[in-house]
Amino acid sequence: MNFGLREQRAFARMAPEDRAWLIKGKSVVLTCLASVLLLSVSSIKAPKTCTGGMFLGPIIAIGLFLIVMFVVGSCGLKKNDGDLYDCYLLGVFLAILLLLAFIIFGYVAVGGIDAGHAANAREYILSECKRGWLRGRVIHSSHFWASTSACLRRSHVCNGMTNLVRNPDTGIFVPRPSSFERWAKRHGVDADPRVMSPIESGCCKPPSSCGLTYVNGTTWISTAASAGGPAAVAQVTNNKKDDDCSRWSNDHQTLCFQCDSCKAGFLRHTSQAWRVAANYIVLAFIGLILSSLALCADQATGNNNTGRSR
């Protein structure tokens with residue numbers, strides 16, 4: 001407990017029954033805060049784009065379960081009902097195990113992208129994705145990717161594509177800078193440039209190495225590799241020809257949804273969202289651990305009563 005000196009003295013002077021009741025009350029409040037954290041921030045930040053609820057579903061389920069346990073624990077304290085409070089304790093212990101299992105699942109499932117080319121050039125390569133359960137499903141299960149790519153099409157993930165220009169330094173197509181961004185660059189002012197999401201970069205345009213000429217939106221036309229700029233030519237020469245180039249189509253129902261770059265972009269997008277959500281999930285987990293430690297402190301007082309003495 002993070003009390004000041006005065007509060008510590010007051011806490012030490014309290015009767016054992018009062019101390020036990022206060023500790024149990026704080027434990028119940030921590031459970032409530034953990035549930036709110038899961039149902040608010042974690043559920044908002046969790047990967048939701050065509051993941052079939054594999055991340056969002058457990059977060060909501062555990063959060064609602066903790067809300068129920070909060071109500072049970074509160075009733076147990078208010079009514080001095082030992083059976084209700086024992087149910088609350090069992091529920092908190094179960095929630096800790098479930099959250100731990102879910103955190104492990106999330107980190108095992110999500111395939112990240114190694115730092116380097118993918119992070120800097122903002123184009124994603126499937127072979128650079130770290131090995132994980134989700135990566136295996138994307139690569140080896142044609143049914144899984146068929147349903148995922150169909151979901152991406154239904155979600156209209158490419159509707160927000162803006163005009164693109166080729167970066168002269170990397171040869172990669174990036175969103176055209178806005179007038180403010182151009183002004184900021186001329187005057188040395190820091191401005192965060194608009195970037196494509198990993199899904200937009202992987203699914204809504206062909207790889208820059210294909211040497212296609214950008215027209216507008218999601219429309220590209222074939223040109224000689226030499227028209228693609230020096231960086232693109234180097235990539236085409238080194239990689240010979242990307243299989244994704246033959247998979248690309250200007251048809252809005254096709255685009256690059258069957259490309260390896262789209263799979264890599266989906267994995268990257270899911271990984272980014274999970275890493276943000278996981279921070280809050282871990283905080284909720286820590287809150288539950290502190291809740292259980294508070295109950296251990298209650299046992300250390302030597303008071304085995306389940307409620308405040310009346």
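Modeller: Happy to! Over residues 112–121 the pLDDT stays under 50 (pLDDT is the predictor's confidence in each residue, from 0 to 100), and the model gives this stretch 22 contacts beyond four places in sequence, a contact being heavy atoms within 4.5 Å. Residues 302–310 also have a pLDDT below 50, with 22 contacts in the model beyond near neighbours in sequence. Where pLDDT is low, predicted coordinates should not be read in detail. This is a predicted model, in which local features need pLDDT of at least 70 and side-chain atom pairs count only at pLDDT 80 or more, while totals for chains, interfaces and linings use all residues. Residues are numbered from 1 along each chain as its sequence is written, and side-chain values use heavy atoms, leaving out hydrogens and water.

The chain's average pLDDT is 78, and 71% of its residues score at least 70. Helices here are DSSP runs (H or I, at least four residues), numbered from the N terminus.

So let's look at H7. Its 13 residues reach 18 Å from first C-alpha to last, close to the 18 Å expected at 1.5 Å a residue (1.5 Å times one less than the number of residues). Its buried residues are Phe144, Trp145, Thr148, Ser149, Ala150, Cys151 and Leu152. Cys151 counts as buried because its relative accessibility is 18%, and buried means under 20% (1.4 Å probe, protein chains only). The C-alpha atoms of Cys151 and Gly52 are 9.4 Å apart, although 99 residues separate them along the chain. Just after H7, His156 adopts a positive phi of about 55°.

Technical notes: Buried < 20%, exposed > 50% of the residue type's maximum accessible area, 1.4 Å probe, protein only. Helix = DSSP H or I, 4+ residues; strand = E, 2+ residues; numbered from the N terminus.
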